[in-house]
Amino acid sequence: MFRKLYLLYGALVLSTAAFGQYRGWSLDTVNQVKNVPKSVRDNPGSYRSVYGFYHHYTGGK
Amino acid sequence: MSTGAPPLSGPPKPQARALNCPKCGAAITLRSFGQAVTVVCSSCRCILDAKDPNLAILQQFEIKTSDVKPLIPLGTRGKLRGTDYEVTGFQRRSVMVDGITYYWHEYVLFNPYKGIRYLSEYNGHWNDISICKTLPSADGGGATYLGEAYKHFQSADANTDFVLGEFPWQVRVGEKAGVTDYVHPPRVLSSEKLEKEVTWSIGEYMYGREIWDSFKLPGDPPEAMGVYENQPSPVATNVTGMWVAFAAFAVFLLLLMGVFDMRAKKEPVLQQTYRFDRAEVKGEPSFVSDEFALTGRTSTVEVKTFAPVSNHWIYLNYALINQDTGQAWDFGREVSYYYGHDSDGSWTEGKQNDTVVIPSVPAGHYYLRIEPEADPSLPSIPYTVEIIRDVPVFGIYGIAFLALLVPVVIICFRAYTFERSRWSESDHPPVQLSSGSGDDE
Amino acid sequence: MSQPVANCPNCGAKIVFRWSSSVQTVCDFCKSILVRTDVDLKKVGQVADLPPDSSPIQINTEGKYGNKAFVVVGRILYEYDQSGWNEWHVMMNDGSSAWLSDAQSEYALSLSSKAPNLPAAAQVHVGQQFTWNNQTYTASVITPAHYRGVEGELPFQYWDKADVTFVDLRTESRKFATLDYSDPEPALYLGEFVEFDDLKLKNLRSFEGW
């Protein structure tokens with residue numbers, strides 16, 4: 001009984017992996033923004049990033 | 001056809017015999033039609049000779065524990081293996097192992113055509129038992145019966161503590177028999193040695209619920225505690241099967257990996273070196289790259305950043321913007337690299353490059369908006385940005401692999417702990433896993 | 001198969017032999033033990049009342065062994081210290097005779113067999129092994145039994161025996177053997193254990209409440 005469930009589950013996992021590869025899924029987090037005006041091309045400063053400014057200092061030891 | 005036969009009244013139809021106890025006069029009914037050898041008077045606790053018309057007294061016993069009541073009352077009928085049986089006898093037996101006394105109960109079941117079977121019950125675990133017709137062969141560690149190999153589980157002396165009803169043998173309270181159990185779940189092969197005679201019986205595990213349904217008993221069966229010697233494992237049946245399935249899946253995963261890796265375009269779309277110069281970037285640090293086209297089906301876009309940082313960091317605020325649809329992917333990446341020397345030797349932290357994969361980007365015309373930032377102590381630095389269209393993402397395979405592995409490991413572990421639990425009650429308990437004495441760390 | 005008919009020399013009742021080779025029978029009316037001679041029936045003894053017993057089989061019970069049908073025509077009752085058992089004499093549909101033993105609802109069917117050098121009763125001990133028909137048998141139980149009664153038709157003369165020794169021999173399969181020391185010459189029976197259901201018995205005794 002467990003084996004049948006597992007076979008089904010495994011087939012599901014593999015098909016999800018294949019589908020993901022095909023559709024271009026990735027593991028990185030990226031924010032999507034919609035409706036960026038064409039004017040940004042000429043005036044890049046008008047675009048405000050989703051992130052705040054990065055003031056983070058990652059120092060070494 | 002034998003018309004000449006005299007009108008026969010035939011042998012009288014066997015009936016349950018009603019008699020009186022010779023000691024106390026209580027009514028006794030013999031239900032097993034002549035197959036009982038001994039019968040117990042429950043009123044005065046006498047074991048009587050069932051074959052003697054006068055019911056000679058064989059033994060009188062006292063019960064040491066109070067109120068031993070059979071879970072299936074004597075006289076109840078139930079269906080086992082398609083045949084109706086009536087409970088005609090009951091006994092409580094015990095063994096002493098390592099100073100602890102364990103009790104279990106046995107029921108005698110009777111059918112006038114099929115004969116006698118037994119049910120045993122211990123801590124909510126039941127067994128359907130019958131006497132072996134063919135001889136098993138035993139040798140120390142195991143036994144073989146009807147082509148199946150059984151492992152030795154336990155040998156002990158079983159004491160008869162209490163009896164009720166009718167028995168097809170000379171039962172006595174206080175008598176001790178040498179009992180050895182061999183298991184091959186769900187079956188158990190038992191040998192019982194009383195004086196010189198050895199009797200073999202074969203039992204098959206039953207669940208309390210099956211017994212309750214069979215005998216139509218009210219309420220619920222007692223809960224089964226722990227794992228019984230021949231209790232079938234709910235998981236072990238397919239551990240090998242699952243590992244085989246897992247191996248097959250893993251191979252398939254590798255194939256998938258290979259195929260997608262080959263088919264990925266990995267097309268370089270942009271490679272540009274820019275310079276971050278704090279002095280020049282007074283007003284607006286952000287700028288846009290050249291336009292480029294992303295082709296093919298909706299797929300991944302890899303953005304690589306290289307910068308020769310040395311104990312500094314730079315941070316790029318990226319936006320991949322589709323010129324036509326206005327859709328953008330916004331992400332920030334840091335490139336930092338530090339190194340030094342301390343009492344343990346030389347160390348490094350970080351890398352001089354960074355990679356990110358943007359998911360599901362449709363084909364179209366795009367440009368990259370870049371807003372750089374740098375470590376205040378860094379006046380200027382060049383950096384290279386590379387964009388590659390349609391790369392495979394190996395992390396997905398990693399997740400899939402784990403997803404496939406985890407259930408098999410869990411099942412394997414549960415089967416393992418179940419078997420450990422089973423054998424912990426035997427004469428051959430599993431070795432303790434915690435490191436014993438004498439292990440050097 | 002013709003069924004010879006005769007009259008009981010003791011009480012005159014009609015006696016029918018279901019089995020043409022029967023040597024002995026018991027008159028159902030007066031319980032005389034009758035033996036067939038070439039000429040007629042001779043009374044040789046009397047059967048005492050049989051003890052109440054629990055066998056579901058009775059004379060005229062029908063059944064199947066393998067693909068042969070049989071009918072029960074007679075029996076011998078034995079007792080020993082624990083209890084007793086029945087040896088039912090059955091007539092197979094090909095006219096041969098066999099024995100269906102019923103001991104506490106454990107059933108077995110066996111046939112009389114010839115073998116050379118059968119041991120005397122005193123020579124047999126538990127654990128001893130014999131080989132007959134390429135099968136090894138191990139002596140498992142030696143039972144001093146006593147004859148308790150007869151009923152119906154038997155293939156030999158058998159009554160008023162004193163104590164009789166039986167040796168049960170078992171194998172690791174359903175096959176078993178019996179050495180019967182009723183007569184000075186040891187008799188061998190080879191057979192196998194059978195399941196009640198496989199015998200497909202009909203015309204069994206009915207039990208009160210079952």
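Predicted model: local features only at pLDDT ≥ 70, side-chain atom pairs only at ≥ 80, totals over all residues.
**Exercise 1.** Work out how the radius of gyration of chain B sits against that of a compact globule of 441 residues.

*Solution.* Start with the reference: a compact globule of 441 residues would come out near 22 Å. Now take chain B itself, which has 40 Å. Next, look at the spans along the principal axes: the C-alpha trace of chain B covers about 125 × 70 × 40 Å. To finish, check burial: 31% of the residues of chain B count as buried.

**Exercise 2.** Decide how H2(B) and H3(B) are oriented to each other, and list what makes up their contact.

*Solution.* First, grab the geometry: the axes of H2 (residues 239-263) and H3 (residues 394-424) of chain B come within 10 Å and cross at roughly 175°. Angles over 145 degrees count as roughly antiparallel, so H2(B) and H3(B) are roughly antiparallel to each other. Then go to the residues: H2(B) brings, among them, B:Trp243, B:Phe246 and B:Leu253, while H3(B) brings residues including B:Phe401, B:Leu404 and B:Ile411. Sort the contact by class and you get 17 nonpolar, no polar and no charged residues.

**Exercise 3.** Find which element gives the largest share of the side of chain A that touches chain B, and where a strand of chain A pairs with chain B.

*Solution.* Begin with the totals: 39 residues of chain A contact 56 residues of chain B. The largest share of the chain A side, 13 residues, is from H1(A). By class, that side holds 20 nonpolar, 12 polar and seven charged residues. For the strand, E1(A) runs antiparallel to E22 (residues 328-342) of chain B, joined by three bridges. One bridge partner to look up is B:Asp330, which pairs with A:Asn31.

How values were computed:
Residues numbered from 1 in each chain as written. Chains lettered and ligands numbered in written order. Rg over C-alpha atoms; globule rule 2.2 N^0.38 Å. Buried ≥ 20, exposed ≤ 12 C-beta atoms within 10 Å, placed from the backbone. Axes fitted to C-alpha atoms, helices over the stretch in contact; angles between N-to-C directions. Helix = DSSP H or I, 4+ residues; strand = E, 2+ residues; numbered from the N terminus. Parallel < 35°, antiparallel > 145°, perpendicular 65-115°, else oblique. Contact = placed C-beta atoms within 7 Å. Nonpolar A, V, L, I, M, F, W, Y, C, P; charged D, E, K, R; others polar. Pairing = 2+ DSSP bridges.
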